[in-house]
Amino acid sequence: MCPLKDWGCPAAQRQPSWRLLSSHSTSAGEVEYCRCTCDALVVLCEGEVAAFTPR
Ligand SMILES: [Zn+2]
């Protein structure tokens, strides 16, 4: 189950399908920007969802 469902992702994927856009090492840790199949922007910090921006 897509963990983003709790964040309001409308895709409700059985298997999350994110495309990694970019990743950066910051003082807060590894930050990754991904694009969900629903076109939402997902920001991961240390592997945890830090932000979810619906299209
Ligand atoms: Zn989504």
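Two strands count as paired if DSSP finds at least two bridges between them. Strands here are DSSP runs of E with at least two residues, numbered from the N terminus. The model is predicted, so local features need pLDDT of at least 70, side-chain atom pairs count only at pLDDT 80 or more, and totals for chains, interfaces and linings use all residues. Residues are numbered from 1 along each chain as its sequence is written.

Q: How do you know that S2 and S3 pair?
A: Five bridges join S2 to S3, and the definition asks for at least two, so the two strands count as paired. They run antiparallel, and Glu32 stands opposite Leu44 in S3.

Q: What makes S3 and S4 a pair?
A: Here, too, there are five bridges, in the antiparallel sense, with S3 covering residues 41–45. Leu41 has Thr53 in S4 as its bridge partner, and Val43 has Ala51 in S4.

Q: Why is one side of S1 and of S4 left without a neighbour in the sheet?
A: The four strands form an open sheet in the order S1-S2-S3-S4, with antiparallel pairing. S1 (18–26) and S4 (48–53) stand at the edges with a single partner strand each, so one side of each has no neighbour in the sheet. Neighbouring strands are turned by 20 degrees against each other on average, direction ignored; the axes are lines fitted to C-alpha atoms.

Q: Why is Asp39 called exposed?
A: A residue is exposed if 12 or fewer other C-beta atoms, placed from the backbone, lie within 10 Å of its own, buried if there are 20 or more, and partly exposed in between. Asp39 has 11 such neighbours, so it counts as exposed. Asp39 lies in the loop between S2 (29–36) and S3. That hairpin has four residues between the strands, and Asp39 takes a positive phi near 75 degrees there.

Q: What makes Glu46 exposed?
A: Its count is 10 C-beta neighbours inside 10 Å, so Glu46 counts as exposed. Glu46 sits in the turn of the S3 and S4 hairpin, which has two residues between the strands, and has a positive phi of about 55 degrees.

Q: Which residues make up the largest nonpolar core?
A: A nonpolar core is a set of buried Ala, Val, Leu, Ile, Met, Phe, Trp, Tyr and Cys residues joined through C-beta atoms within 7 Å. The largest has five residues: Leu4, Cys9, Cys36, Ala40 and Val42.

Q: What does Cys36 touch, not counting residues up to four places away in sequence?
A: Contact means C-beta atoms, placed from the backbone, within 7 Å. With that exclusion, Cys36 touches Leu4, Cys9, Ala11, Trp18 and Val42.

Notes. Two residues are in contact if their C-beta atoms, placed from the backbone, lie within 7 Å. Axes are lines fitted to C-alpha atoms, for helices over the stretch in contact, and angles run from 0 to 180 degrees between N-to-C directions.
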